[in-house]
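Subject: Structure for you to look at

Hello,

Here is the structure I promised. Please open it first, then read my notes below.

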Amino acid sequence: MTNTSSIFVFSLSGFSATVNYRVTLFSLTLLCYGLILLVNVSLILIIILDQNLHEPMYIILCNLCINGLYGTAGFYPKFLFDLMSDIYVISYVGCFLQIFVIYSSATIDFSILALMSYDRYVAICRPLEYHSIMSVRRTAVLVSLSWLVPLVCEVMVVTLTSMLQLCGSDIQKLYCENWSVVKLACSKTTANNIIGLIIISFYCGHVLFIVYSYVQLVKSAFTSREGRRKFMQTCVPHLLCLFNVTAALLFDVMYSRYGSASVLQSVKNFMAIQFLVMPPILNPVIYGLILTKIRYRMITLCVMASQRFKSTCKL
C-alpha cells in the first residue's frame, strides 16, 4: 500500500487530450487570462480611485473582482506552463495549495454574492435604514467574514485530505481537485465525505438565502416605479452573476462526483474549467455594462485616454 509519505508528485492526465492543440490552447488561454486581468483590475481601480463609488455595493463588487483574480491565479499560470511542457505533473504541496486557492475562491464567490443580496435587500426594502444598517464598520465586518469563513472551511477540507493514505497519484483533470485526490485514498474517507457534505449544504444555504432575499425584493420593488428601476439596475446583474457562478461550479462538483468514465477527455476538460473561465470574465463585464455609475466612469476614462493618445500622436 502506498501512503502519503511516498508520493512527491501527482500526474495530471487531463493533458493527454491537449497534446495536438498545445499552441492553439496556449494562445487562447493567454488571451483569456489577459482579459480576466484587464477587466477585473480595471473595475477594481475604478472603484478604488472614484470617491463616488465608495459605497457598500461597490466595495462588495470590488471584493468579487479581487477574488476573481485570486482564484484564477491558482490555475492559469500553472496551466499555461503545463501546456508548453512535455511532463504534466504537480508537486504534492503544490497540489494541495492549488486545491485550497481554487476552491476557497469558489466558496468566497458565494459568500460575496450572499452579502450582495443582503445589501440590495436592505437598499430596496428598507431604504430609510440603509446607511445605519450598512455602515462602514458593519460592511467591513461582513466583507471580512465573507473571506474568513470560506478560507477556514477550505483549510479543514485540505487538512483532512492531506491526512489520507493514497494508493495512486494520477489525477484525471487539468488541475488538482479535492475529490480527485480523495478518490485515490486507500484509507477510509468517511470524515472527508461528512465534512464535504456539510460545507456543500452550508453553501446551498447561501443560495437559499439569496433566493429568499430576491423573493422579498421582487415583492417590494414592483410596488413602485422607482423600486422597479432600482431592481432592474442593481439586482439583475447580481442575478446574472449568481446564475453564472452557480451553474459553472455545480457543473464541476456534480461531474467530479458522478461523471461517467466513458465521456471523452476533451469534454471532461471543458466541463472542469467552466467555473475558472466564465465567472471571472463575465462578472465584471456584466456589472460594468449595467451599473450606470461604473459604465459612465469607464466611458469617461476611455474618452480621456483616447484624447491623450490623439494629442500624443500629434506631437
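How many residues does helix 1 have, and how far does helix 1 reach from its first C-alpha to its last? Helix 1 (residues 22-49) has 28 residues and reaches 40 Å, close to the 40 Å expected at 1.5 Å a residue. Bear in mind that this is a predicted model. The buried residues of helix 1 include Thr-29, Cys-32, Tyr-33, Ile-36 and Asn-40.

Helix 6 (residues 136-162) was checked too. Its 27 residues should span 39 Å at 1.5 Å a residue, and its end C-alpha atoms are 39 Å apart, which agrees. Among its buried residues are Trp-147, Pro-150, Cys-153 and Glu-154. The buried residues of helix 6 pack against helix 2 (56-73), helix 4, helix 7 (178-182) and helix 8 (190-221).

Now the core. The largest nonpolar core has 80 residues. Phe-10, Leu-61, Leu-166 and Tyr-175 touch the most other members. Helix 4 (residues 92-125) gives the largest share, 15 residues. Another core, of five residues, lies apart from it and includes Tyr-130 and Met-134.

Last, the aromatics. The whole structure holds ten aromatic pairs. Phe-10 and Tyr-92 are stacked, 5.8 Å centre to centre with 15° between the planes. Phe-10 lies in strand 1 (residues 9-12) and Tyr-92 in helix 4, so the pair ties together parts that are 82 residues apart in sequence. Phe-10 counts as buried at 0% relative accessibility. Tyr-92 is buried as well, at 17%.

One aromatic cluster is formed by Phe-15, Tyr-33, Phe-75, Tyr-76, Phe-79, Tyr-88 and Tyr-175.

Best wishes

Note on methods
Residues are numbered from 1 along each chain as its sequence is written. This is a predicted model: local features need pLDDT of at least 70, side-chain atom pairs count only at pLDDT 80 or more; totals for chains, interfaces and linings use all residues. Side-chain values use heavy atoms; hydrogens and water are left out. A nonpolar core is a set of buried Ala, Val, Leu, Ile, Met, Phe, Trp, Tyr and Cys residues joined through side-chain atoms within 4.5 Å. Buried means under 20% relative accessible area, exposed over 50%, partly exposed in between (1.4 Å probe, protein chains only). Helices (H or I, at least four residues) and strands (E, at least two) are DSSP runs, numbered from the N terminus. The expected span of a helix is 1.5 Å times one less than its number of residues. Contact means heavy atoms within 4.5 Å. Rings of Phe, Tyr and Trp (its six-membered ring) pair if their centres lie within 6.5 Å; planes under 30 degrees apart count as stacked, over 60 as edge-to-face and the rest as tilted.
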